[in-house]
Amino acid sequence: MNISVIGAGYVGLVTAAGLAHNGHNVVCIDIDRYKVNTINRGVSPIFEAGLDDLLHNLVSDAGHLRATTEYNELLDTVLTFICVGTPSNSDGSIDLGYIRDSAKRIGKALESKKNYHIVATRSTIIPGTTKDVIIPLLEKYSKRKVGKDIGIAYNPEFLQEGKAVQAFFSPDRIIIGESDKRAGDLLVKVYKDIVAPVFRTDITTAEMIKYASNAFLATKISFINEIANICQKLGADVYDVVKGLSFDYRIGDKFLSAGIGFGGSCLPKDLRALVYASANRLDYPTALLKAVLDVNEAQALKLVEIAEQKLGDLDGRKITVLGLAFKPDTDDVRDAPAIRIIRVLLEKGAVVKAYDPEAMENAKNVLPKEVRYCKSVKNAISGSECVLIVTEWDEFRDENIYRNKIVIDGRRALEPRKAKVVCDYQGVCW
Ligand code: NAD
């Protein structure tokens, strides 16, 4: 099948590469010329395990995948996936600017198409967006009718960065929200080589499934962090508490790692958007989901509080931050706890050295200039008065590199009993 994918970021590029690998001919359409050129050289513009190898083969050898900035190239395809970003506005609401722009441009391109075309969104969009924003823009600019000339679907992406390629080929489920049976049937055909339960429903329900999923995962993390903070005061070990809990098949042990909380490009912004939309559009001020965000906000800054307890005033103190990405195996620093922690450290006058194996270039774009970036963990730790472990990259897990240092661990990267033998070790909530 000929397929176009709008937006070649984490979701769009992985979707495009996965579909091309499964035999479809895919064209990525992105407004970013640098990304387009990089993809056309068979190189991934983002760091994602396995993606470079996949792209190299698809672009160079098989020619199943290419990229362009031209929307008109979607005319040769039967299906267009929208995978553009949906960031937060400063008030927490969802910024639909990229969605609006891409819907307009798809609409304009479709004006000259005679055959039926399907538009399926994979971006995370607040429930109601397809109905209230995407469909009206497509109809206005294409001068064609949804349900007759254009089929609409919502097909959320559930990938975890760092494991995105693997998640594409082996997803837990495929959710298809459809405007009509014809659109849904075509999507089922697109994914025919992927073994996963397929659940078909209406579009608004599918949009809500994505938000409910992220809200639940975020709730699990804030729940266990609250339990961990209580455990710490009692002298109980939250990691053993989770082991004890996990024998209950209704609870399990997934997404219950206590630490400095969640970050990244999805959970914080999606939760903020849901809380905002519920309160402002539906007149339903959420109590639980707001608390999930509040617990998460406070948790990362506990690392700074502990540093102050250990060192006193942080003005002029040399502090090392290990890990900038929001989690290991990605270079993504969007809403990463490290960014917030470093900003607060700098406000307090600390001299901050930082190291991350993949995310330093991205961090440089968002952090103040005073941060000193180091070439290695060893370099970053040397001369430091206090080390904060913020992301659990494997190379930070060797206790011996922290000999005689003050170490505050935000991710249980170290085994506390072993670490306490070689350094002044403190976990954030254990
Ligand atoms: P991203 O920022 O990595 O990629 C978005 C891409 O869209 C960029 O390459 C940008 O240049 C391009 N773009 C913006 N406007 C465009 C336009 N009008 N036309 C063509 N291209 C345009 O974003 P992402 O992380 O891939 O996320 C995309 C969506 O998927 C978001 O809604 C996000 O919430 C959702 N999502 C992300 C993840 C994740 O882990 N990253 C997981 C599930 C869902």
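Biologist: In this predicted model, how many aromatic pairs does the count come to?

Modeller: The structure is a predicted model. Rings of Phe, Tyr and Trp pair if their centres lie within 6.5 Å. By this rule, the number of aromatic pairs is four.

Biologist: Is the pair of tyrosine 239 and tryptophan 430 stacked or edge-to-face?

Modeller: The ring centres of tyrosine 239 and tryptophan 430 are 5.6 Å apart, and their planes stand at 85°. Planes over 60 degrees apart fall in one class, whereas those under 30 degrees count as stacked. The pair of tyrosine 239 and tryptophan 430 is therefore edge-to-face.

Biologist: How many residues apart are tyrosine 239 and tryptophan 430?

Modeller: Tyrosine 239 belongs to helix H9, which covers residues 238-246. Tryptophan 430 sits in the segment after strand S14 (424-427). The pair thus links distant parts of the chain, and the separation is 191 residues.

Biologist: Is tryptophan 430 buried or exposed?

Modeller: Tryptophan 430 has a relative accessibility of 14%. The class in question requires a value under 20%. Tryptophan 430 therefore counts as buried.

Biologist: Is the pair of tyrosine 355 and phenylalanine 396 stacked or edge-to-face?

Modeller: The rings of tyrosine 355 and phenylalanine 396 have centres 6.1 Å apart. Their planes meet at 70°, and the class is set by an angle over 60 degrees. The pair of tyrosine 355 and phenylalanine 396 is therefore edge-to-face.

Biologist: How far apart in sequence are the parts that tyrosine 355 and phenylalanine 396 tie together?

Modeller: Tyrosine 355 lies in strand S10 (residues 351-355). Phenylalanine 396 lies in the loop between strand S12 (386-389) and strand S13 (406-409). Both residues are buried, and the parts that they tie together are separated in sequence by 41 residues.

Biologist: Which salt bridge partner does lysine 310 have, and in which strand is that partner?

Modeller: The side chain of lysine 310, in helix H11 (residues 288-311), takes part in a salt bridge with an N to O distance of 2.9 Å.

Biologist: Is aspartate 424 buried, exposed or partly exposed?

Modeller: Lysine 310 has a relative accessible area of 30% and is partly exposed. Aspartate 424 has a relative accessibility of 35%.

Biologist: How many salt bridges does the structure hold?

Modeller: Side chains of opposite charge can pair when their charged atoms come close. One network of salt bridges links Glu178, Lys181, Asp185 and Arg200. For the structure, the number of salt bridges is 26.

Biologist: Which helix gives the most to the positive patch?

Modeller: On the surface, Arg100, Lys104, Lys108 and Lys140 gather in a patch of positive charge. Arginine 100 is partly exposed, with a relative accessible area of 40%. With three residues, the element that gives the most to this patch is helix H4 (residues 97-110).

Definitions and conventions. Residues numbered from 1 in each chain as written. Predicted model: local features only at pLDDT ≥ 70, side-chain atom pairs only at ≥ 80, totals over all residues. Heavy atoms only, no water. Patch = residues over 30% accessible without salt bridge, like charges linked within 9 Å, V, L, I, M, F, W, Y side chains within 5 Å. Areas by Shrake-Rupley, 256 points an atom, 1.4 Å probe, with all protein chains shown as cover. Salt bridge = Lys/Arg side-chain N within 4 Å of Asp/Glu carboxyl O. Lys, Arg positive; Asp, Glu negative; His and termini not counted. Charge placed at Lys NZ, Arg CZ, Asp CG, Glu CD. Helix = DSSP H or I, 4+ residues; strand = E, 2+ residues; numbered from the N terminus. Buried < 20%, exposed > 50% of the residue type's maximum accessible area, 1.4 Å probe, protein only. Phe/Tyr/Trp six-rings, centres within 6.5 Å; stacked < 30°, edge-to-face > 60°.
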